Amino acid sequence: MSKVALSSPRLTGVRPKHMSPELVSLLARLIVVLILSLAISLVNENFHSLSNLTNVLRQASLLFLVASGATLVIVAGAIDLSIGANVTLSACVAAGVMHSTGSAALGIATALAIGTAVGLINGALVAWLKLPSFLVTYGSLWILSGLALNYMGGVPITGFPKEFRYLGSGFLFGVPVPILIMFGVVGVASFLMHLTTFGQQIFMMGANRETAALSGVPVQRNLLLVFALSGVCSGLAAIVALGRVNSADPGMGDPFLLPAIAAILVGGASLSGGTGTVLGTVLGALLLTIVLNAMNLLTISSAWQPFATGAVLVAAMLADTAMNRRRR
Amino acid sequence: MKINLKLSGGASPALFSGLPHKALGAIAVLFVLMPLFGVFADRFFTAGNFLNIALQSSILLLIALPMTFVILTEGLDLSPGALLSLCGVVLALCLVGGVALPLATLVAMFVGLAFGVFNGVCVAALGMPPFVVTLGALGMAQGLALAITDGNAVSGLGPEVEALNNAQILGLPLLIVIAIAAYGIFHWLLYHTTFGRYVIAVGGNADALRLSGVRVRLVHGAVYAISGLTAGFASLSMIARTNAGHPTIALGMEFDAIAAVVLGGTSFERGNGWLFGTVLGVIAIGILRNGLNLLGVDTSLQLVCIGILVLAVLLIERFVSEGRG
């Protein structure tokens, strides 16, 4: 795994003289985002209107929230395919709770509790029972969708307390609240990944799980933790999504899975584990949202969006594969 | 890691010489649930209902057979459900446009094959993880199906398609005959050809295979190509049954297929599998869905049941394999 040693100076303790590859990859992505935005605003003047840019940022922040925890999972060398379905279930049950109690606090607590519980169950199956993560989370994807469908009984729930809606559609100092939440999550997750032992350990696990285990990394506990964090982020995303659209339906989270994984990969995380940053995922989410937004502005039918997302996902993987080959 | 080549003994038919105890999930569902459904759902034990189950299962089997190959190579294909929908829509659009049925079927199979080859190249030649590659393919196929139809069903396919649904050979509905024939072909491929032996070995020990000069990547990629091609072909059965092309009709069918393969005793590790177990698994899923339907259990809870069943089987497998050493 020389590739990882090269790309992660923190593991070797050697400070490279040149810029770290992670910084380079982040800057490259930032430049791509800027060039893309510039190009689109030249083609279509509606793009750089304030309302459209705010819209793009809000949409990207929601996508990022879904993808943020899953970034940690991928860095740790596993995958979480249940994020979309987890958003759905957390949002639906939270909506039900708010509908019957009228309490925003209870709604928030419910969404976070369900998201975390689902993450813990996934994590326990992967960490302790050693089942492959893609299978476990693929199975739980369908279990969660089924539960959400059944809970809702085919009727959407609408209308939530004002304080709750604030989290999805409000402004603080002129900045949309979801974007502030996004900054908060970026801060906490970056701190966890880059400045704590836990963070160093998940990079090591992703690079080579056996080696990490042999050098004393508590692999099982950390796996449980990253899945739990992914669940927390799904719960958080559910809150923001609910507050934004003011309505819950059993199909609301499904469309997030593909773009979220795409955002993570576009952001520079590798599916082979051991590389990736949360800031990269922010840029990935932004890039994907800009592409989809541009398609909208160019009046391309929204039916093409899943196709475009799938294509971006595959393109990101191809790029990642090419990079890996070059590094070897 | 031992290569499990004993399944591929040329002389033995391997139909029942596999490992029946591995298909415990399917057998349990068949023998425990069938009497229960019989007692609690009046219409369960009727000829008409069984015919219905068989017809439903005939399409699922077409997806589950290549899925068994994919899982034998320690991979996964999430795209067949979306592909089946896309190919069905393509087939329907061709028919509406006046293309003859055989040619239209070929076009649909070509679309399926194109996606399959794409998956195969990404997984086998480029070494990308199959679940994400095929997730991308799922998105693209689903998007294409929605985009070319604007989300609407394509109907008015003409009498030929309806005739296909009602056709019988020796008293058996054509769709069931097609499924049986498909099983025959896949059985032959897996147990009586060199290709099949390699498929089993790719999951068992790809390195040993490569060292002995086998073009592992070609075999590995071909498995995904076959999966796409079969999905394209299965769209014919699908169209015959529904008499329309619907862009989202088969979404999620890959989950039933994966569940059937797992229940049928094919493991995600070491290329351990039993093709006839997949048939049992498909029938088990068909009966489970049908019985729960008759009992008035909502589709949503059926999903939950199947999901939990799959996780339970995986867990049992894990404990059994750990117990063995």
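This is a predicted model: local features need pLDDT of at least 70, side-chain atom pairs count only at pLDDT 80 or more; totals for chains, interfaces and linings use all residues.
Helices here are DSSP runs of H or I with at least four residues, and strands are runs of E with at least two.

Figure 1. Chain B holds twelve helices and two strands. Follow the sequence and the elements come in the order α-α-α-α-α-α-β-β-α-α-α-α-α-α. Along the principal axes, the C-alpha atoms of chain B fill a box of roughly 55 × 50 × 35 Å.

**Figure 2. Where chain A meets chain B.** Chain A brings 34 residues to the contact, and chain B brings 36 residues. Interface size is often given as the accessible area lost when the parts come together. Here the two chains bury about 3,300 Å² between them. Carbon and sulfur atoms account for 84% of that area.

**Figure 3. Polar links and the chain A side of the interface.** Zero salt bridges are counted between chain A and chain B. Two residue pairs are in polar contact, both at pLDDT 80 or more. On chain A, α7 (133-152), α13 (257-266) and α15 (305-327) each supply at least two residues to the side that touches chain B. That side of chain A divides into 27 nonpolar, five polar and two charged residues.

**Figure 4. Confidence along chain A.** The mean pLDDT of chain A is 86. A pLDDT of 70 or more is reached by 93% of its residues. Over residues 1-9 of chain A, pLDDT stays under 50. For residues 1-9 the model has 18 contacts beyond four places in sequence.

How values were computed
Residues are numbered from 1 along each chain as its sequence is written. Chains are lettered from A and ligands numbered from 1 in the order in which they are written. Side-chain values use heavy atoms; hydrogens and water are left out. pLDDT is the predictor's confidence in each residue, from 0 to 100. Contact means heavy atoms within 4.5 Å. Buried area is the accessible area (1.4 Å probe) that two parts lose on being put together, summed over both. A salt bridge is a side-chain nitrogen of Lys or Arg within 4 Å of a carboxyl oxygen of Asp or Glu. A polar contact is a pair of N or O atoms within 3.5 Å; within protein, one must be able to donate a hydrogen and the other to accept it, and residues adjacent in sequence count only if both atoms are side-chain atoms. Ala, Val, Leu, Ile, Met, Phe, Trp, Tyr, Cys and Pro count as nonpolar, Asp, Glu, Lys and Arg as charged, and the others, Gly among them, as polar.
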